[in-house]
Each structure stands twice: as structure tokens, then as C-alpha cells.
Amino acid sequence: MFANIPTVLTPLRARLLLVFAVLLAVLAPTAPGAVAAGKPETGAARPGAEVVAVTQVADRQVDLSVRSAALGGRTVDVRLLTPDGWNPSDRRHRQHWPTLWLLHGCCGDYTSWTSMTDVAETDSLRDVLVVMPEAGWNGWYSDWWNHGQGGDPAWETFHTKELRHLLERDWGAGSNRVVAGLSMGGQGALLYAARHPGMFKATAAFSGSAHPLLNEESIDRIMGFFAGQDNDPLRVWGDPVGQRRIWQAHDPFHLAKRLRSIPVYLSCGDGTTGPLDPPGATSALEADFNRQNHALAAELERVGARHVTTNFYGPGTHGWAYWERELHASLPMLLGALGVGD
């Protein structure tokens, strides 16, 4: 590039060349292909989040290892189920795909949906980029209060800002999005759609924690989850009385007005033995979430939501067989909101 530059440079020309070299280093794009085969990215670290490794785990399944500022600089994984023709390394002709975010539940991780359901074999998703992000064993899709200090973990910031921008910049995700999840992830799907108006065109929650402030039983149950893995439960949203406003800001029931304008899908069993359960199986957790979902559905009706679909199917516990079934049942609504298959 600099073959014709004289060996002896004037001070002015030397300074100009230095400025030019710095600009090239800053402005030159880093292609996703530079991170292939699990090799770390060699470019300068970007603020927010950066992909540090990529692993092809199966046909159309790619894991991104993402270092996140919102998570204190930790690296977590995100699984992508890629559409046919997906090629983010082709920067010149890169396509941006309609995107389905699938959120896992408590005690699961970013691999849950592909390991526990047939999502990877679902033909209707071959024209969609499916994003399955890590959200922590009990992260609750929230920026934790941490006794008023904030900081790590900030799962909501990681997902809705850092990861979203990263995927849309470098990995073929479009701005046409919907979100669905189960249990803790069902709450996350409702929260993200409500707390970030316009980000998602539809949302679906399967056996979701839809109204954690419903009653003392519901509060005690979610506090028990917050305390998992020897965590201080007050770190997440604080005290349900002292930090009531924070709790309400993370309770889909109290955010129902913000869900009025988009399609919402709610489903839940009643916790008794259902057709997909072993004999005698019951679930107090599902029974609690069933009451919460009925309360949210009623509140959505009260505030004038006109695009609510419910499937409160009665007998059924808190299990993957139901969530796989409900994902398929909700896909026409979710894909319709994306304009896929029209």
C-alpha cells in the first residue's frame, strides 16, 4: 500500500501517515469469519459486547461466545439456529433475517430449547434466525438491583442492548423481531416486550411467571428461586415491600397496558396430572403460574388488549412436553407477526 512513499518523510507527512493508519485501524470492519472455529477475535475489543469465539455445534446451529460489559466482562454463550442461506461473513450481500428470540427457564441455559425440543427440526423456522441467549441459572431477565448498586448481572441490558446490537451489526439479525419463552423465560418474554415498546412485534409465554406479586405464595415462591445457588434473594429486585416499585416494574401484570398493541400468547396447565405426564405427577409451581396467567389475561382484557390468545389447557404440569407443544401452537401467531409465510 505504501510502496511508493519516499524513504525519508517530512515531519508533516509522517504525522499525516500516522493519522491515516490509525483511521484505517479504527474503521476497518471485523468480519464474523475472523472468529471461526472457536478462535478468538484479533481486532480491538469493542465496548458493550464482543464475540470472542464461534463454534458450529450442529447443522444450522452456531454458538457465539460473547464477552459482555453488562455482565462484568464475563463471557457467556448464545446459540443461533440459522436460516437457510445465512452467511453473515458476506458483508457485501448480507441479508438481515426476521428474528425469533427463544428464552430459557430457571435452571436451564442457552442449550435448553435445542436439547429438549424439536425446534431445530421445525421447517417453519428455516426462514427465521432463532436466537437462544444465556440468561443465567436464575437471572430472571433483569438488571439486578444489587442493594441499589446495580451492575453485574445486568441481563436485560445484555440482551436488549448489547446482544441485539451485536447480532444486527454482524450476524444477520434483522429489526423484525418476536420473543417467546417458558417459565422464567416466559416472564422474560413478557417483560422485554412490555419494557421495550417496539422492539418485539409479538410475545408468547408458556407456563410463565406472569404476576409474581399475585399473593404471598407467589412472592415466596419467586423469592425461593432468587435464593438459588446460595444467592442473596434481595439482590434481584430488592424487598417486595421496600422496593415495591422495582417489583411492579418487573411484573407483567403491572405492565399490561404496554402489551395492548401487540399479539400476546399465554398458555399454562393447572398443575394436575395431564396427558403428557407420568401417572400421578402434579406441580404446585404450575398451579401458581396458572393463577398468575389467568390474572394477567383478565388484566389485558380490562386494559383493552385486542390481540390476546390464551390456551389454559387444564391438566398439565411444568414440563417440556407441554412447552414444545405450545411453541408449535404459538408459531402461526409469532411468524405471522414477522410476516413469514405470507
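Does Glu 168 count as buried, partly exposed or exposed, and at what relative accessibility? Glu 168 counts as buried, at 19% relative accessibility; buried means under 20% relative accessible area, exposed over 50%, and partly exposed in between (1.4 Å probe, protein chains only).

The model is predicted, so local features need pLDDT of at least 70 and side-chain atom pairs pLDDT 80 or more, while totals for chains, interfaces and linings use all residues. Residues are numbered from 1 along each chain as its sequence is written, and side-chain values use heavy atoms, with hydrogens and water left out.**View 1. Helix H3 has a kink of about 35° centred on Leu 163.** H3 spans residues 155–170; helices (H or I, at least four residues) and strands (E, at least two) are DSSP runs, numbered from the N terminus. The bend at a residue is the angle between axes fitted to the seven residues ending there and the seven starting there. Because 12 of its 16 residues are buried, H3 is largely enclosed by the rest of the structure.

**View 1. Arg 177 and Glu 168 meet in a salt bridge.** Their N to O distance is 2.8 Å; a salt bridge is a side-chain nitrogen of Lys or Arg within 4 Å of a carboxyl oxygen of Asp or Glu. Arg 177 is buried, with a relative accessible area of 6%.

**View 2. Glu 217 and Arg 221 pair within helix H5.** The closest N and O atoms of their salt bridge are 3.0 Å apart.
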